[in-house]
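Come along while I look things up one by one.

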Amino acid sequence: MAEEMSYSAAIEEAGQVMCRFPLKHVDGVPLMNLIVDRWDEIAAFTPDPSDMLIATYPKAGTTWTQEIVDLIIHEGDAEACRRAPTFVRMPFMEIVSPRPIPSGLDLLNTMDPPRVIKTHLPFKLVPKGFWENKCKVIYVARNAKDNLVSYYHFDRMNKTQPEPGPWEGYIQKFIRGELAWGSWYDHVKGFWVERERRNILYLFYEDMKENPRREVVRIMEYMGRALPDDVIDRIVELTSFQVMKENPMTNYTTLPKSVLDQSVSRFMRKGEVGNWASHFSPSQSREFDEDYEHQMGGAGIPFRTQL
Ligand code: A3P
């Protein structure tokens with residue numbers, strides 16, 4: 001809890017210098033300028049073999065998966081998992097914020113392995129140490145249209161991300177891979193082609209919605225854990241959208257409005273499959289699908305846009 005206090009205080013102190021940071025590029029991938037300025041340090045990060053990575057394109061279900069993993073580690077102990085907000089318990093490896101807010105690497109350096117680490121980096125930018133040390137890696141993918149809608153609302157309320165601009169233009173930026181962390185298409189394909197060789201557990205948000213218990217068990221087994229049925233049931237309940245929406249340790253309400261303005265859009269917004277249908281016009285949907293075929297045809301990744 002002390003850590004959380006100092007983290008919040010640091011954010012308050014940095015409040016004046018928080019802004020919508022411009023993007024710069026690493027190997028063609030757009031990232032917040034502060035990340036790019038410290039790229040060498042990030043690329044050189046060497047995890048412990050016992051560390052685990054949760055990798056996603058932004059808004060694919062990262063926080064949900066982090067909470068499931070933390071509850072598996074703590075055997076369903078809700079109180080243990082309320083020790084601090086998600087971003088303190090499981091640091092966001094590459095994030096760099098204005099001082100005195102600790103960077104992801106600063107936080108990681110205060111923790112002993114085994115650590116659970118979050119990243120949005122595409123496969124080609126993940127520090128090589130994760131593969132050399134054969135760390136466990138969970139990747140979560142979400143269908144492009146829902147992922148795009150979720151990112152759009154997030155960029156409206158996240159005051160550190162570039163302005164989303166109008167909806168129509170945002171669709172084009174997504175298609176062209178111009179949003180922070182780059183192309184969704186390259187991201188989901190990059191981890192997909194490497195999943196077997198690297199022993200990556202590749203999950204889908206839609207599968208988690210369809211049958212959360214089945215996916216919790218898959219994660220548990222991948223982590224090499226075995227928990228009794230009643231504990232698994234509790235984890236499913238504690239990681240439901242409604243429970244996580246009310247939990248201040250998972251709903252990002254511990255961050256001030258200068259960072260995430262939840263009066264614009266809630267972090268725990270809808271949590272649905274198919275919400276894209278109330279955002280895309282028929283012609284936008286048609287054009288998006290045509291381009292999708294072009295970018296994804298032959299990739300063979302079984303995404304679902306409806307359940
Ligand atoms: P929406 O904006 O569609 O509601 P991330 O954690 O990667 O930033 O992803 C955030 C998205 O996951 C948001 O999607 C959020 O509501 C959704 N989400 C978070 N926890 C969830 C849960 N327990 N069940 C379903 N969706 C969840």
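Predicted model: local features only at pLDDT ≥ 70, side-chain atom pairs only at ≥ 80, totals over all residues.

Entry 1

Entry 2. I began with the ligand and asked which residues come nearest. I found 18 residues around the ligand, and the nearest of them are Thr 62, Thr 63, Ser 150, Lys 270 and Gly 271.

Entry 3. Next I sorted that shell by residue type. I noted 7 nonpolar and 7 polar residues, along with 4 charged ones.

Entry 4. Which helices each supply at least two residues of the shell? I wrote down H4, spanning 62-73, and H14, spanning 241-246. H4 gives the most, with 3 residues.

Entry 5. The side chain of Tyr 205 places an N or O atom 2.7 Å from a ligand nitrogen. On the backbone side, a polar atom of Gly 271 is 2.7 Å from a ligand oxygen. I also listed Ala 60, where a backbone N or O atom lies 3.2 Å from an oxygen atom of the ligand.

Entry 6. How much of the ligand does the protein bury? Taken alone, the ligand exposes 560 Å², and 97% of that is buried by the protein.

Entry 7. Last, I turned to Glu 194, which I found in helix H10, residues 184-194. Is Glu 194 buried or exposed? I put it down as buried, because its relative accessibility is 13%, and the cut-off for buried is under 20%. Leaving aside neighbours within four places in sequence, I saw Glu 194 in contact with Phe 123 and Ile 200.

Technical notes:
Residues numbered from 1 in each chain as written. Heavy atoms only, no water. Near = heavy atom within 4 Å. Polar contact = N/O pair within 3.5 Å; in protein donor to acceptor, adjacent residues only side chain to side chain. Areas by Shrake-Rupley, 256 points an atom, 1.4 Å probe, with all protein chains shown as cover. Helix = DSSP H or I, 4+ residues; strand = E, 2+ residues; numbered from the N terminus. Nonpolar A, V, L, I, M, F, W, Y, C, P; charged D, E, K, R; others polar. Buried < 20%, exposed > 50% of the residue type's maximum accessible area, 1.4 Å probe, protein only. Contact = heavy atoms within 4.5 Å.
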